[in-house]
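Reader: I am new to this structure and would like to learn how to read it. Where should we start?

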Amino acid sequence: MDDLLAERDLVLQAFWLTIQLAVLSGLCSLAFGTVLAAMRVGPISVLRGAATTYVTLVRNTPLLLMFIFVFVAAPNIGWFVGTPFLVKGVIAVSVYTSAFVCEAVRSGVNAVPLGQAEAARAIGLTFGQTMTSVVLPQAFRAVVPPMASVLIAMTKNTSIAAVFGLAELTFRMRYFANNSADDTTIFLTFALLYVVLVELISAGAIGLERRWRAAR
Amino acid sequence: MAADALVALDHVDKWFGDLHVLKDVNLAVRRGEVVVVIGPSGSGKSTLCRAINRLETIDSGSISLDGRPLPQEGKALAELRSDVGMVFQSFNLFAHKTVLENVTLGPMKVRRTGRQEAEQRAMELLRRVGVDSQAGKYPAQLSGGQQQRVAIARALAMDPKVMLFDEPTSALDPEMIKEVLDVMVDLAQRGMTMIVVTHEMGFARTAADRVLFMSDGAVVEESTPDEFFSNPRTDRARDFLGKILKH
Ligand SMILES: Nc1ncnc2c1ncn2[C@@H]1O[C@H](COP(=O)(O)OP(=O)(O)OP(=O)(O)O)[C@@H](O)[C@H]1O
Ligand SMILES: [Mg+2]
């Protein structure tokens, strides 16, 4: 405990880095995953095929592999050379998570009655407008719980960044654990910090569900 | 005949797989005309309606609106659809938007009307159909009859050249049917061009200029409402009327 308090700046820095990884990856994954979902339900078969291939490929690949690609393989072929570690971490996590976001959004789109999109098209909205104004807002409302699960898994997945030299929570935990005998306290402290993050996501999800209930 | 027609269908055929759902349908609807389409379940009435704003594609023949053939998918088609109002049996109001937002969405997104102007016009239309007091509510909080009247206002907000109604009252409780029909009769009297799939004979007699009777994908009889209801020419129409009159 004393070690942790003495070097609490390191702990807080690690917490902050994990928050950055989670928030940035979350935003990127939501945006990209939603675009993928729109491609998968859209009228253009090339885009449908591309998005489907992406999801199949990424969902069936371990996240660790994604990190190895972004941090080790890609620089060897001249990609991401000199890119900050945080950005690389966000890329690896987002590439992976957006496939899951896509599937969650798609299940939401399937839950929106067909008549909604037909009514939108009937008043003259284009496919893009139909998606952004009518279908996707309702799809999101329908998938808040599974989307929260995806984001919670993602938050915990950011820990893999530790292996690649990002001094986030898991990285720091190992650092303290290696230099101290009080492993249990250290473990509990760091676990608690993850719990705080995950609970924030859960609370956000519950809040959104409550707010959107009136409109369904 | 097709020259002055607002909606013109010319030798239209459509299949769903092996099922021939529209068989050589020809129809010319003049500006201001109200056409009622009637016929047994599965005869292709909905498909006919949906083909007119290309929610269904056709396999042969042609459909034109105001002299212009229906465009392929894309911007031009969206533009055409904005000129054709459609009212569905199941209302299909946007569930996540308020009544007012349902009516302003089209004008704001498609016609690029400013919010203030769109809302003002929307309130006028909602008043006209008698649901202006519900403007801030969500569709789920309204009765079926109110929802359908909002759906009519939503379609009217685009200033359509023609309105299509696909069994607009058949999902409604009896006491709500009249309030929707009244709005439709008013619309007809104001000169709106309308194609209405309905079994409401009262509406057909009051408002329709012409009745089309469909059976198995073909238009088998076409006459004035009085003629059709009192003296149907085909056995199939007589048979059908016998069935709906019994209930
Ligand atoms: N998407 C579809 N795929 C395959 N068959 C369809 C499809 N839509 C309709 N059909 C079939 O086409 C025929 C005509 O259907 P349509 O909905 O136009 O009939 P309708 O006259 O409107 O009937 P109802 O009075 O029951 O609404 C029916 O046999 C129906 O089962
Ligand atoms: Mg029908």
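Author: Start with one residue, A:Thr158, which is found in the loop between helix 8 (144–157) and helix 9 (169–178) of chain A. Helices (H or I, at least four residues) and strands (E, at least two) are DSSP runs, numbered from the N terminus. This is a predicted model, where local features need pLDDT of at least 70, side-chain atom pairs count only at pLDDT 80 or more, and totals for chains, interfaces and linings use all residues. Residues are numbered from 1 along each chain as its sequence is written, chains are lettered from A and ligands numbered from 1 in the order in which they are written, and side-chain values use heavy atoms, with hydrogens and water left out.

Reader: Is A:Thr158 buried or exposed?

Author: Buried means under 20% relative accessible area, exposed over 50%, and partly exposed in between (1.4 Å probe, protein chains only). A:Thr158 has a relative accessible area of 0%, so this residue is buried. Contact means heavy atoms within 4.5 Å. Not counting residues up to four places away in sequence, A:Thr158 touches A:Thr18, A:Leu21, A:Ala22, A:Val93 and A:Glu168.

Reader: How do I read the sides of a helix?

Author: An α-helix has 3.6 residues a turn, so residues three or four places apart point the same way. In helix 3 (residues 45–59) of chain A, the buried residues are A:Ala51, A:Tyr54, A:Val55 and A:Val58. They cover an arc of only 95° around the axis, which puts them on the same side of the helix; the arc is that of the directions from the helix axis to the C-beta atoms. The face turned away carries the exposed residues A:Val46 and A:Leu57. Helix 2 (8–41), helix 4 (63–76) and helix 5 (85–111) of chain A are among what covers the buried residues.

Reader: What span should helix 4 of chain B have?

Author: The expected span is 1.5 Å times one less than the number of residues. Helix 4 (residues 115–128) of chain B has 14 residues and should span 20 Å; its end C-alpha atoms are 20 Å apart, which agrees. Its buried residues are B:Ala118, B:Ala122, B:Leu125 and B:Leu126. The buried residues pack against helix 3 (99–109) and helix 5 (144–156) of chain B.

Reader: What is in the largest nonpolar core?

Author: In soluble globular proteins, nonpolar side chains tend to be buried together. A nonpolar core is a set of buried Ala, Val, Leu, Ile, Met, Phe, Trp, Tyr and Cys residues joined through side-chain atoms within 4.5 Å. The largest has 49 residues, and B:Leu126 and B:Phe203 are among those with the most contacts inside it. Helix 6 (residues 174–189) of chain B gives the most to this core, with nine residues. Apart from it lies another core, of 40 residues, including A:Tyr54 and A:Met66.

Reader: Which residues does B:Val180 contact?

Author: B:Val180 lies in helix 6 of chain B and counts as buried at 0% relative accessibility. Leaving aside neighbours within four places in sequence, B:Val180 is in contact with B:Gly145, B:Gln148, B:Arg149, B:Ile152, B:Thr169 and B:Leu172.
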